[in-house]
Amino acid sequence: MEKLEPEKRQDQQPARTMAAKQAAEKHHYFVAVICMVTLGIDAMAVRSVSLLAPYIRSSLNVSDSQFGFIFSALTAGTLISALPTGMLINRVKTNWAFGGIMAAMGLALFNLARQEAFIGLIVALFLIGLVRTGIIPLVNRVVTEQYDPAQRGARMGVIYAGVPFGGVIGAVLLPTISQYSSWGTGYILLGCASMVGGLIAWRLVPDTSRSPSQPQGSRSSAGLRSSAFIVLCVAYGVFVISLSIDAFLTLYLVDVVKISALFAGTLFGLIQLSAMGGRIFWGYVADRYFSKNRWWPLAATNLLAVGAFALLISLDPGSRWWVLAAVMILIGISGGSSWVVLSTLVGDVVGIASISMASATIFFSTNIADV
């Protein structure tokens, strides 16, 4: 009997290995869902500024020039807190980071819903910018730690599809709620969703701060000083200036192209819907064909975006609906999809140890461009 025991243990090893793999896959799936939901709620909060622009403008008597300051307040808050938050992300347990950020976001959205004056709106959006800035660095850290480099692009594409998916939901719900109730009601509902999401993340998300692929205590900033990363920051900071047109897109469609606010919201949602598919597509392409050099798909998405914005400014009040839809789809699959390639490329350039700080630095440079 004693001679058979080692054989039994050997027979049990494949079963244990299979069970461990299934548990790891379930863990990765659950973390991916939480990341997608978090990004979706953040996307609705940020894109609501554009989606609700016509309603906020008429309700608070805000001029078009003042509306530029409204969007800048959101990005300014993000700008100020980006680098300090990036430094703190690796020192905080994942569940506490997710839960704390989403709970703070919910409170900030409740505060925004109560505003009745231009100055109050500016301050409330600035606070939202302060609390949301850790979401993208945290998600990038989790994905970079949990997935193999050869699979990161596809996984990042699926997870970051949560951003345009949240934009689609926001484009459908927020203008409709504002049409029949008020713009503040939409923010109250969004705040509730953020609070619930934060509670779920705090209770259920496992701590990934000590990943097997990253030994405890490994902190390196060498990747942040590389020429490739510096070029990445500068290039994407310049490109994001064109993406800031999102803040004025619905106003442009309403005032220049002469369509209704609801139709403008629908077209904005079309951008998000096409970006959702575009992010999955570009993530797959980046892994399948450019896993050793993801600069090429990033360049391709940016060049397509330049063409899309050139078509956008050529629209006039006589443009047919299918022309408008085609332009929005092109924006979605180019500029709206490029962030997933960028986030994957940041991990390639700086490595796991510096991913949070690197993501925050990229975030910092893009928000300078936004402001």
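How are H3 and H5 oriented to each other: roughly parallel or roughly antiparallel? I looked up the pair: helix H3 (residues 64–89) and H5 pack at an angle of about 30°, with axes 6 Å apart. H3 and H5 are therefore roughly parallel to each other. My cut-offs: angles under 35 degrees count as roughly parallel, over 145 as roughly antiparallel, 65 to 115 as roughly perpendicular, and the rest as oblique. Axes are lines fitted to C-alpha atoms, for helices over the stretch in contact, and angles run from 0 to 180 degrees between N-to-C directions.

**Ground rules.** I am working on a predicted model, where local features need pLDDT of at least 70, side-chain atom pairs count only at pLDDT 80 or more, and totals for chains, interfaces and linings use all residues. Residues are numbered from 1 along each chain as its sequence is written, and side-chain values use heavy atoms, with hydrogens and water left out.

**Overall.** I find 16 helices and zero strands in the protein. Helices (H or I, at least four residues) and strands (E, at least two) are DSSP runs, numbered from the N terminus. Buried residues make up 53% of the 371 residues. Buried means under 20% relative accessible area, exposed over 50%, and partly exposed in between (1.4 Å probe, protein chains only). I also looked at contacts between residues at least 6 apart in sequence: 84% of them join residues at least 24 apart. Contact means heavy atoms within 4.5 Å.

**H3 and H5, continued.** The crossing of H3 and H5 is right-handed. A crossing is left-handed if the near helix is turned anticlockwise from the far one by less than a right angle, and right-handed if clockwise. On the H3 side I note residues including Phe69, Ile70, Ala73 and Leu74. They meet an H5 set that includes Phe118, Leu121, Ile122 and Leu125. By class, the contact of H3 with H5 has 13 nonpolar, five polar and one charged residue. Ala, Val, Leu, Ile, Met, Phe, Trp, Tyr, Cys and Pro count as nonpolar, Asp, Glu, Lys and Arg as charged, and the others, Gly among them, as polar.

**H4 and H9.** H4 and helix H9 (residues 183–204) pack at about 165°, with axes 7 Å apart. H4 and H9 are therefore roughly antiparallel. Their crossing is left-handed.

**H13 and H14.** Helix H13 (residues 295–312) and helix H14 (residues 321–333) pack at about 155°, with axes 8 Å apart. H13 and H14 are therefore roughly antiparallel to each other. H13 passes H14 in a left-handed crossing. From H13 the contact uses Leu304, Ala308, Phe309, Leu311 and Leu312. From H14 it uses Val327, Met328, Leu330 and Ile331. The contact of H13 with H14 has nine nonpolar, no polar and no charged residues.

**Gln115.** I find Gln115 in the loop between helix H4 (94–113) and helix H5 (118–132). Gln115 is buried, at 16% relative accessible area. Its side chain reaches the backbone oxygen of Asn111 at 2.8 Å. Leaving aside neighbours within four places in sequence, Gln115 is in contact with Gly120, Leu121, Ala124 and Trp183.

**Arg141.** Is Arg141 buried or exposed? Arg141 lies in helix H6. It counts as buried, at 0% relative accessibility. A polar contact of 2.9 Å joins the side chains of Arg141 and Thr94. A polar contact is a pair of N or O atoms within 3.5 Å; within protein, one must be able to donate a hydrogen and the other to accept it, and residues adjacent in sequence count only if both atoms are side-chain atoms.

**Gln151.** Gln151 lies in the loop between helix H6 (135–146) and helix H7 (152–160). Gln151 is partly exposed, at 36%. I looked up its C-alpha separation from Ser291: 8.7 Å in space, at 140 residues apart in sequence.

**Val172.** I place Val172 in helix H8 (residues 162–180). Val172 counts as exposed, at 52% relative accessibility. Val172 and Gly265 are 93 residues apart in sequence and 7.4 Å apart in space, C-alpha to C-alpha.

**Lys258.** Lys258 sits in the loop between helix H11 (249–255) and helix H12 (261–288). Its phi is positive, about 65°, although Lys258 is not a glycine. Lys258 counts as exposed, at 59% relative accessibility.
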